[in-house]
Amino acid sequence: MRGKIFVVITTLAISALSLAGCSGGGGGAAPAAGTGTVNSGVITASGNIAVNGVFYNVSSANIIIDGLPGKKSDLQVGMVVTVRGIFDNFTSHAIRRTATSVEYTSNFQGPVDCVNILNNSLTIMGQQVLVSTTPPNQTVFANFSSTRIIFANVSTVTKLNPHLSPQFASNPPSPLNPQPTLYSMVKVSGFSNDINGFQATRIELLAQAVDLTTSFPIGIMGTANNVDPIGMAFTIGNLSIDYSQMNQVYVPIHFASGQFISVKGFSSDYSPGNAPSLSVIAPRSIFTINEGAAAQQGDHVTVEGFVSGLSGTTFKVGGTTVSAATISLKGITNSVMVEVEGTFNNGILIATKLTLL
């Protein structure tokens, strides 16, 4: 049996890229100075960051990177973040806010199972991860260069280098000379589309030629499906997770399908292969958490991402429930990308402005 794996559940705000689009209707009024604000989206400028077209002074912000204290320079273009702060200036030409906190949590960290240049995607622990060079789904590639034989030219998605796929330590291996399969380890940020899969906004190369038995840290966030409380197993996409050998004290009493979770552990506990043989075995603990925006009553909230669960004038964006009863929903369907702005009321974002991206 492989070593135990540590599972942590952490807050996620799945969002989309904050690039220009066409208005879908509505017009939000400027909140008064000092109003609390929560903005969930992709960083499009670093330094004093820009998120969803809003510039933030982050000099005094509490910055959290994957659950650990961070600093201003850690905040990079392409990261999906949740920014909390206050309005300190609002004019007809520019918005400037002071951030009190910025939180970033990566969606995937682990080995690239394969590269598919036909549909511009990677497969990471069984999950299809789409990449793109065109707004608003543009993917930022970090730490890649032609000298590292991964992406021959990251400016063009069609030039994804097959060397990103698993490689044998020597070629060819044989029964008398078996060789480990080596993997490229990446960290990915982005947002989920229930229909098309995960859209990456940032892919960061962490290491190359990694033998999975070396216990490289891995992690994946997603919705738990097929939860079997008797067999003590569940799935995230094509990945199976077996928690039968963990300490049951750490299993949530009401753990069930549909809950959003984050699994973290080590590559030595990951069994690569073709679905459904991909698996992670023996986590230590499991926690569940609300996927949507963690805002307070009356906060001004902006979220960006794919529409899901559309029913009448209600839908979700990145786990946040949106009520859009007072604005136009022309062109809005499930799986389209939007930016929604409004006021948080009893756990629901009451939309005053909606932009179709």
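**Close-up views of a predicted all-chain model**

**Figure 1. The largest nonpolar core and its most connected members.** Of the 41 residues in the largest nonpolar core of this predicted model, those touching the most other members are Ile124, Val188, Ile203 and Phe234. Two or more residues of this core come from each of the strands β9 (108–116), β10 (121–124), β14 (181–193), β15 (197–211), β16 (217–223), β18, β19 (239–242) and β20 (260–266). Among these strands, β15 gives the most, with 6 residues.

**Figure 2. The surroundings of isoleucine 124.** Not counting residues up to four places away in sequence, isoleucine 124 touches Phe108, Gly110, Pro111, Val112 and Asp113, together with Val129, Val186 and Val188. Both isoleucine 124 and its contact Val188 are listed with those that touch the most other members of the largest nonpolar core. Apart from that core lies another, of 20 residues, which includes Val303, Ile332, Val340 and Leu354.

**Figure 3. Valine 338 in strand β26.** Strand β26 spans residues 337–345 and contains valine 338. Valine 338 counts as buried because its relative accessibility is 0%, whereas the cut-off for a buried residue is under 20%. With neighbours within four places in sequence left aside, the contacts of valine 338 are Val303, Glu304, Gly305, Val307, Val317, Ile332, Leu354, Thr355, Leu356 and Leu357. Three of these contacts, Val303, Ile332 and Leu354, are also named among the members of the 20-residue core. Between valine 338 and valine 303 the C-alpha to C-alpha distance is 8.3 Å, and the two are 35 residues apart in sequence.

**Figure 4. The hairpin of β17 and β18.** Strand β17 (residues 225–228) and strand β18 (residues 233–236) run antiparallel and are joined by 2 bridges. Aspartate 228 stands opposite alanine 233 in β18. The two strands form a hairpin with 4 residues between them. In the turn, methionine 232 has a positive phi of about 55°.

**Figure 5. The whole protein as context for the close-up views.** The secondary structure comes to 27 strands and 0 helices. Of the 357 residues in the protein, 48% are buried. Among contacts with a separation of 6 or more, 67% are accounted for by residues 24 or more positions apart. The protein exposes about 15600 Å², of which carbon and sulfur atoms supply 54%.

Note on methods: Residues numbered from 1 in each chain as written. Predicted model: local features only at pLDDT ≥ 70, side-chain atom pairs only at ≥ 80, totals over all residues. Heavy atoms only, no water. Buried < 20%, exposed > 50% of the residue type's maximum accessible area, 1.4 Å probe, protein only. Contact = heavy atoms within 4.5 Å. Pairing = 2+ DSSP bridges. Core = buried A, V, L, I, M, F, W, Y, C linked by side-chain atoms within 4.5 Å. Areas by Shrake-Rupley, 256 points an atom, 1.4 Å probe, with all protein chains shown as cover.
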